[in-house]
Amino acid sequence: MKNNDRWKKTIKTLFARKVAMFSAVVVVLFILLAVFAPVIAPYDPNYADFASFLQGPSGTHLLGTDNYGRDVLSRIIYGTRVSLIIGVLAVMIACVIGTFFGMVAGYFGGIVDDVISRLMEAIRAIPQIILAMALTAVFGSGIRNLAIILGISSMAGYVRMMRGQVLTIKEADYIMAGKLQGNKDFRLMFKHILPNSISPIIVMMTQQVGSTILSEAGLSFLGLGISAPTASWGSMVSEGRLFLMQNPVFALTPGICVAVLVICLNMFGDGVRDALDPRLRGEV
Amino acid sequence: MTTYVAKRTGQMILIIFLISIFTFLLVSMIPGDPVYAMLGSEISQEEYDRVFYELKLDQPVIQRYFSWLFGAMRGDWGQSTQFHMPTLDVLMERVPITLFFSLSAFVISIPLGILFGVISAVHRGKTADTVVTLIANITACLPQFWIALLVMYIFAMKLGWLPSYGFTWFSQDPVLAVKQTIMPLFCLALGGIATTTRQTRSSMLEVIRQDYVRTARSKGLSQKKVIYLHALKNALIPVITILGMRLGSMLAGSMFVESVFNIPGMGSLFVKAIQSRDIPVVQACVLVTALVSCIINLLTDILYAVVDPRVRFE
């Protein structure tokens with residue numbers, strides 16, 4: 001089957017799945033919210049109106065106001081940016097570093113493989129969020145640093161997956177042929193092995209965005225991620241928990257946003273996985 | 001079997017050794033002067049020098065690492081800068097609480113998860129399956145701190161049935177202890193139930209299709225016997241492999257639950273230590289967590305080899 005055909009089929013199957021399409025629509029809505037936040041948000045997210053703090057939902061403030069009198073809805077809309085940017089960036093960082101090391105470990109084998117594999121096992125032994133928390137002590141917080149931290153702490157999965165991929169592809173005749181032609185190792189890796197393992201990489205990336213966003217929200221909730229005054233969903237829940245009695249909407253809605261976005265990202269990821277797998281597509 | 005266990009134990013020790021290097025290096029990587037980072041910049045020169053030598057900063061990194069490692073093995077984990085007492089003493093107060101919550105949530109969530117997973121797989125495509133799968137998928141995506149907050153809002157603030165924060169050991173005040181434990185434990189167990197349910201369901205569906213299950217059915221065994229005596233045994237093998245990860249995520253989840261319910265466990269200690277740059281405590285928390293997950297991983301690997309002899313001859 002031609003490469004082009006394969007992608008067409010994948011996209012076609014993806015479009016045919018109602019659940020995947022529905023979640024894709026929701027994700028796109030969140031992306032639009034993030035991009036057009038200044039247009040959509042009814043108020044400036046950092047404008048503090050001390051005259052009307054901790055109000056419940058009303059006509060002027062749809063989700064009420066926080067303890068500084070800032071509009072909760074506007075802050076949630078701006079918070080979408082933080083979640084999406086960090087989620088996507090961190091996954092890209094994890095993917096690039098993890099795929100590279102996995103490929104090197106699988107291709108060269110021997111001592112290189114041993115060193116990389118043992119290191120990754122050590123990283124996997126520490127729960128991801130705890131590793132990320134320890135790294136915030138080194139890198140500090142902020143959007144860029146959080147993306148790096150979450151990327152580093154979740155790269156071990158890519159290494160493992162890519163290593164396994166390379167081990168099976170390495171045995172194929174065309175790699176042997178490429179070697180006999182005198183191709184350099186890195187050329188073989190990037191030109192021939194990498195393109196042939198692109199679908200598991202895509203599947204893993206789509207499935208990781210959701211969990212990365214969850215981790216970011218968790219770090220911000222604990223006060224180790226995005227800090228005031230930048231609006232992020234996790235830190236909003238953290239601020240709002242002190243005022244649960246006065247305006248429960250303030251603390252609870254950002255959490256619902258995290259959940260809805262993550263659920264939709266995961267369902268979309270499942271759809272992508274099914275669409276890329278010929279067995280699940282019902283062809284074999 | 002003995003060789004297998006020995007090999008695994010050796011690998012675990014190597015991994016713990018690597019983690020100890022990592023946690024130690026973490027401190028050297030912290031930007032700025034470590035003495036100022038610990039004590040703030042408003043200290044006298046004498047004080048600076050004293051701490052500088054106390055931390056052995058005049059020695060090369062490798063030497064410092066080994067003196068730290070040997071100290072840690074003897075139980076000298078350094079002095080906590082925020083509590084002004086030995087790190088080990090601080091940990092001794094906190095770690096049992098976190099282990100209590102993580103282990104109880106673990107023990108509760110595994111059988112429940114397996115039960116729901118089996119129900120859902122056996123009734124594949126029916127209402128029970130749809131409901132279980134839907135709830136499990138949604139719960140797995142909910143932020144744990146949010147569930148904790150919601151439960152606290154409903155049961156402590158609105159209904160007033162349970163106290164909203166604190167921790168008491170059962171031996172001190174049984175009634176209060178149970179009341180204070182219900183909500184945190186529920187929140188912690190929920191995520192575990194959801195993940196175990198999903199894992200059990202998918203591996204059960206794999207097994208049910210196999211020939212030996214059909215043979216068991218065709219020789220006239222009842223549905224219950226086929227499912228619980230024949231299919232479940234094999235379906236549980238992949239579930240065992242994720243048990244280690246489950247306990248790791250319980251330890252991590254405990255961080256959020258402790259933060260919401262104000263429980264003085266290792267999780268809240270870790271957060272505070274990071275915020276106040278209390279390096280010895282940060283190191284100790286990472287090491288203890290890694291140690292616990294490594295031991296659990298080793299135990300599950302051994303268990304795995306016991307139930308599935310093929311693994312031993314890998």
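**Figure 1. Overall view of the two chains.** Chain B has 13 helices and 0 strands, where helices (H or I, at least four residues) and strands (E, at least two) are DSSP runs numbered from the N terminus. The model is a predicted one, in which local features need pLDDT of at least 70 and side-chain atom pairs count only at pLDDT 80 or more, while totals for chains, interfaces and linings use all residues. Residues are numbered from 1 along each chain as its sequence is written, and chains are lettered from A and ligands numbered from 1 in the order in which they are written. Along its principal axes, the C-alpha trace of chain B spans about 85 × 55 × 35 Å, and buried residues make up 36% of its 314 residues. A residue counts as buried if 20 or more other C-beta atoms lie within 10 Å of its own, as exposed if 12 or fewer do, and as partly exposed in between, with C-beta atoms placed from the backbone. Chain A has 14 helices and 0 strands, its C-alpha atoms fill a box of roughly 75 × 45 × 25 Å along the principal axes, and 46% of its 284 residues count as buried.

**Figure 2. Contacts within each chain.** Two residues are in contact if their C-beta atoms, placed from the backbone, lie within 7 Å. Among contacts in chain B between residues at least 6 apart in sequence, 72% join residues at least 24 apart. For chain A, of the contacts between residues at least 6 apart in sequence, 69% join residues at least 24 apart.

**Figure 3. The contact between chain A and chain B.** This contact takes 35 residues from chain A and 37 residues from chain B. On the side of chain A that touches chain B, the elements that give two or more residues are α5 (110-125), α6 (128-139), α11 (198-221) and α13 (248-276) of chain A. The most is given by α13(A), with 9 residues. The residues on this side of chain A divide into 26 nonpolar, 6 polar and 3 charged, where Ala, Val, Leu, Ile, Met, Phe, Trp, Tyr, Cys and Pro count as nonpolar, Asp, Glu, Lys and Arg as charged, and the others, Gly among them, as polar.

**Figure 4. The largest nonpolar core.** A nonpolar core is a set of buried Ala, Val, Leu, Ile, Met, Phe, Trp, Tyr and Cys residues joined through C-beta atoms within 7 Å. The largest one has 143 residues, and those with the most contacts inside it are M133(A), V258(A), A148(B), V282(B) and C285(B). Helix α4 (residues 72-108) of chain A contributes the largest share of this core, 16 residues. Leaving aside residues up to four places away in sequence, V282(B) touches A134(A), A137(A), A273(B) and I274(B).

**Figure 5. The crossing of α5(A) and α8(A).** The axes of α5(A) and helix α8 (residues 156-169) of chain A come within 9 Å and cross at roughly 140 degrees; such axes are lines fitted to C-alpha atoms, for helices over the stretch in contact, and angles run from 0 to 180 degrees between N-to-C directions. The helices α5(A) and α8(A) are therefore oblique to each other, since angles under 35 degrees count as roughly parallel, over 145 as roughly antiparallel, 65 to 115 as roughly perpendicular and the rest as oblique. Residues I116(A), M120(A), I123(A) and R124(A) of α5(A) make the contact with A156(A), V159(A) and R160(A) of α8(A). By class, this contact of α5(A) with α8(A) has 5 nonpolar, no polar and 2 charged residues.

**Figure 6. L88(B) and its surroundings.** L88(B) lies in helix α5 (residues 87-122) of chain B and counts as partly exposed because it has 16 C-beta neighbours inside 10 Å. Not counting residues up to four places away in sequence, L88(B) touches G75(B) and W77(B). The C-alpha atoms of L88(B) and P280(B), 192 residues apart along the chain, are separated by 9.6 Å.

**Figure 7. Two loop residues of chain B.** I30(B) lies in the loop between α1 (2-29) and α2 (34-39) of chain B and, with 17 C-beta neighbours inside 10 Å, counts as partly exposed. N262(B) is found in the loop between α11 (243-261) and α12 (266-275) of chain B, and N262(B) is exposed because 11 other C-beta atoms lie within 10 Å. Phi of N262(B) is near 55 degrees, a positive value in a residue other than glycine. Most residues other than glycine have a negative phi.
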